[in-house]
Amino acid sequence: MIASSAKPTARQLAPSLSHIWQTALDTNQPAALWRLPNQTDKRLIVHLGDKLTEQPIDLDELRPGFAIGLFDNPTDPNREEMAKAFYLHADLQYTIDGNGQVEPKRDVPTASLNPLADAFQVRVRAAMQAGQEPRPSGAGSLSAIEFTETTQPDAQRNFEDAVAEAVRAMQAGKFWKVVISRTKTIEFAEQPDVTILFDRLCAAYPAAFVSAVWLPEGTGGAPAQIWLSATPERLVSVEADGVFRTVALAGTQSAYYPDGTLKRTADALWSQKEIEEQALVSRYIIGCFKKIRLREYVEEGPKTAQAGNLMHLCTQYTVDTNAVNFPQLGTVMLRLLHPTSAVCGMPRPEALHFIQTHERHDRRFYAGFAGPVNIDAASHLFVHIRCLKLEGKTATLYAGAGLTEDSDPQKEWLETEMKCQTLLRGMRG
Ligand SMILES: C=C(O[C@H]1C=CC=C(C(=O)O)[C@@H]1O)C(=O)O
């Protein structure tokens, strides 16, 4: 036998994304992995130390981290409380470039966390030495990830009954818009490598915000779970230069013609119902600006925007927070906007009550918000839609449809099917 005398290269010595992610899972340290829209670099952070709890999201005060907030957040917008979310600190940070090369950065705030950071790194090295080969980065990974859909015989009927009930309530003038959601369950043949699913979603949807968040057992009293999403909807962003952004996104149609060819966004036709549905979201955002007496915003749209296999109507809002001397605008708008009428309805209290009394599942982080806070001096929070919850080999997908008094229950069901396809197609790679 000839022993190899070749020294390992620097690349072979560096851990891969999957080594670090797997170590976070094995050591029960919460972790968040994400890729911002239209960017190549991926980011991963690991939270060390205390168990995660819900805390106020003050974009001006929080040290770098990642927020993931529930849909059903008890904050009362009239009481000027801040929006709450589970908050992962960026104690260990990694940037993964387009070639899968990992660049680490350690940012522990107190000396007491140093032993945890050291122990984590020892575990990562052990995973590498144990011969767990770093898999090639990117969606090109050929590993087949198989899954099957679980049949839910009454799902369609239950959803359509809830839509019909909502339509009757809106025709009776109880509210103007509500978003009703449903779930779809899939079973993986074996526990999937989430970093492969994440890479596939990044490759399939370059314009989406793609994220995977690992929440160990006991976070918010729930079992261990991973939430994976590829969302097209920005909730609140504040860039390093002080520019604030949000969008009004609603109305849905397939991005393809029935023969499978891709539509041009300019050729998308929208019905009165969809135009009205999206206008209600815009009106809601403008209502929030009015509440804080902000007049200096720029409004662009509505325009048709492609989001993977779908198209939506989208209006963009921008504010220069330096020019208007309003540095807290991001924090204030997060509190006012969440949950927007793109995932809840209008008026909000009536729509929320209808959702709570008619949906048969707990939304948890579906239709909540997620994203990095104060990473590279910017915060980007997205509406957490087109998402799934993974528990072991079982994944629950969530999808909702915005309803007005003109909604047709069967069409709305088909819309939620198309929304589930965003993740299903993306994960197949
Ligand atoms: C609530 C969802 O999508 C929202 C975002 C865009 C279009 C929507 C719609 O057409 O109903 C929804 O308001 C979802 O994907 O679960």
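Author: Start with a term. A crossing of two helices is right-handed if the near helix is turned clockwise from the far one by less than a right angle, and left-handed if it is turned anticlockwise. Keep in mind that this model is predicted.

Reader: Which handedness does the crossing of α2 and α3 have?

Author: α2 passes α3 in a right-handed crossing.

Reader: At roughly what angle do the axes of α2 and α3 cross?

Author: Find α2 at residues 17-26 and α3 at residues 114-129. Their axes cross at roughly 120 degrees and come within 9 Å. That angle makes α2 oblique to α3.

Reader: Which residues of α2 and α3 meet?

Author: First, the general idea. An α-helix has 3.6 residues a turn, so residues three or four places apart point the same way. Now the case here. From α2 come His19, Ile20, Gln22, Thr23 and Asp26. They meet Phe120, Arg123, Val124, Ala127 and Met128 of α3. By class, this contact of α2 with α3 has five nonpolar, three polar and two charged residues.

Reader: Now α7. Why is helix α7 described as largely enclosed?

Author: Count its buried residues. A residue is buried if 20 or more other C-beta atoms lie within 10 Å of its own. In α7, residues 329-337, eight of the nine residues are buried, so the rest of the structure largely encloses this helix. The buried ones are Leu329, Gly330, Thr331, Val332, Met333, Leu334, Arg335 and Leu337.

Reader: Where should I look for the ligand's surroundings? Which residues come nearest to the ligand?

Author: Of the 17 residues around the ligand, Thr252, Ala342, Ile385, Gly400 and Gly402 come nearest. Strands β9, β13 and β20 each supply at least two residues of the shell. The shell divides into eight nonpolar, six polar and three charged residues.

Reader: What about the backbone? Which peptide bonds are cis?

Author: Most residues other than glycine have a negative phi, and most peptide bonds are trans. Here, the bond from Gly301 to Pro302 is cis, with omega near 5 degrees. Pro302 sits in strand β14. A cis bond also joins Met346 and Pro347, with omega about -15 degrees. Pro347 lies in the loop between β16 and α8.

Reader: Ala367 and Asp376 have positive phi values. Is Ala367 buried or exposed? Is Asp376 buried or exposed?

Author: Ala367, with phi of about 70 degrees, is in the loop between α8 and β17. It counts as buried, with 26 C-beta neighbours inside 10 Å. Asp376 has phi near 55 degrees and belongs to the loop between β17 and β18. Asp376 is exposed, with 11 other C-beta atoms within 10 Å.

Reader: One last residue. What is Gly371 in contact with, leaving aside its neighbours within four places in sequence?

Author: Gly371 is found in strand β17. It is buried, with 26 other C-beta atoms within 10 Å. Beyond those sequence neighbours, its contacts are Phe66, Ala67, Phe209, His380, Leu381 and Phe382. Leu33 is 338 residues away from Gly371 in sequence, yet 9.6 Å away in space, C-alpha to C-alpha.

Methods: Residues are numbered from 1 along each chain as its sequence is written. This is a predicted model: local features need pLDDT of at least 70, side-chain atom pairs count only at pLDDT 80 or more; totals for chains, interfaces and linings use all residues. A residue is near a molecule or strand if its C-beta atom, placed from the backbone, lies within 6 Å of it. Helices (H or I, at least four residues) and strands (E, at least two) are DSSP runs, numbered from the N terminus. Ala, Val, Leu, Ile, Met, Phe, Trp, Tyr, Cys and Pro count as nonpolar, Asp, Glu, Lys and Arg as charged, and the others, Gly among them, as polar. Axes are lines fitted to C-alpha atoms, for helices over the stretch in contact, and angles run from 0 to 180 degrees between N-to-C directions. Angles under 35 degrees count as roughly parallel, over 145 as roughly antiparallel, 65 to 115 as roughly perpendicular and the rest as oblique. Two residues are in contact if their C-beta atoms, placed from the backbone, lie within 7 Å. A residue is buried if 20 or more other C-beta atoms lie within 10 Å of its own, exposed if 12 or fewer, and partly exposed in between; C-beta atoms are placed from the backbone.
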